[in-house]
Amino acid sequence: WTQDPTHVQLYVPVEEGIKAKYVKVKTYERNVTINVNGKEYFIGKFLDPIKRFETEWEIVRFRSKRCIKVIMEKSDPCEMMFDWQYLLESELSLIDTTITHQVLFQVNLGDNLLGQVVIG
């Protein structure tokens, strides 16, 4: 997914033969559902709300893959558009929250490791 100050864009890969007439996208304030050929293909719950009636979608190429691109307007009651750290609730489970007493910085030039700095 990508974002700009007012919108988020969700990219869901699909097979080459899928046509737009076989795709249904439903958005709600905190959910999105994508059906392909009458079957649930993608379901996600947003961490932050969107304006459900300000949504559009299309089939595009993204990073060399054919994708359903869903463009959604962020809903911000304070009218201050902050970057979202995460799009979906499921991303939170991927965060490593282990507290350590050391930090490791690696310095690379291209694919070559030049060195490491350990703090702590």
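K45 is partly exposed, at 42% relative accessibility (buried means under 20% relative accessible area, exposed over 50%, and partly exposed in between, with a 1.4 Å probe and protein chains only). In this predicted model, local features need pLDDT of at least 70 and side-chain atom pairs count only at pLDDT 80 or more, while totals for chains, interfaces and linings use all residues. Residues are numbered from 1 along each chain as its sequence is written, and side-chain values use heavy atoms, with hydrogens and water left out.

K45 forms a salt bridge with E89, with the closest N and O atoms 3.9 Å apart (a salt bridge is a side-chain nitrogen of Lys or Arg within 4 Å of a carboxyl oxygen of Asp or Glu). The pair links distant parts of the chain, 44 residues apart. K45 lies in strand β5 (residues 39–45), and E89 in the loop between β7 (65–74) and β8 (103–109). Strands are DSSP runs of E with at least two residues, numbered from the N terminus. E89 is partly exposed as well, with a relative accessible area of 38%.

The count of salt bridges comes to three. One of them joins the side chains of K51 and E73 at 3.1 Å, N to O. This pair also links distant parts of the chain: K51 is in strand β6 and E73 in strand β7, 22 residues apart. K51 is partly exposed, with a relative accessible area of 32%. E73 counts as buried, at 19%. R61 forms a salt bridge with E16, and here the closest N and O atoms are 2.9 Å apart. R61 belongs to strand β6 (residues 50–62), whereas E16 sits in the loop between β2 and β3 (23–27), 45 residues away. Both R61 and E16 are exposed.

Q9 is found in strand β2 (residues 7–13). Q9 is buried, with a relative accessible area of 10%. The Q9 side chain makes a polar contact with the side chain of T2 at 2.6 Å. The Q9 side chain also reaches the backbone nitrogen of Q3, at 3.4 Å. A polar contact is a pair of N or O atoms within 3.5 Å; within protein, one must be able to donate a hydrogen and the other to accept it, and residues adjacent in sequence count only if both atoms are side-chain atoms. Leaving aside residues up to four places away in sequence, Q9 touches W1, T2, Q3, D4, K69, V70 and I71 (contact means heavy atoms within 4.5 Å).

The largest nonpolar core has 18 residues, and I34 and I68 have the most contacts inside it. Such a core is a set of buried Ala, Val, Leu, Ile, Met, Phe, Trp, Tyr and Cys residues joined through side-chain atoms within 4.5 Å. Strands β2, β3, β4 (31–36) and β7 each give two or more residues to this core. Beyond four places in sequence, the residues that I68 touches include L10, V23, I34 and W57.

Three strands form an open antiparallel sheet in the order β3-β4-β5 (two strands pair if DSSP finds at least two bridges between them). β3 and β5 are the edge strands, each pairing on one side only. Five bridges join β3 to β4. V23 has V36 in β4 as its bridge partner.

β8 and strand β9 (residues 112–119) pair in the antiparallel sense over seven bridges. In β9, V117 is the bridge partner of F105. The two strands, β8 and β9, form a hairpin with two residues between them. G110 in the turn has a positive phi of about 65°.

How values were computed. Helices (H or I, at least four residues) and strands (E, at least two) are DSSP runs, numbered from the N terminus.
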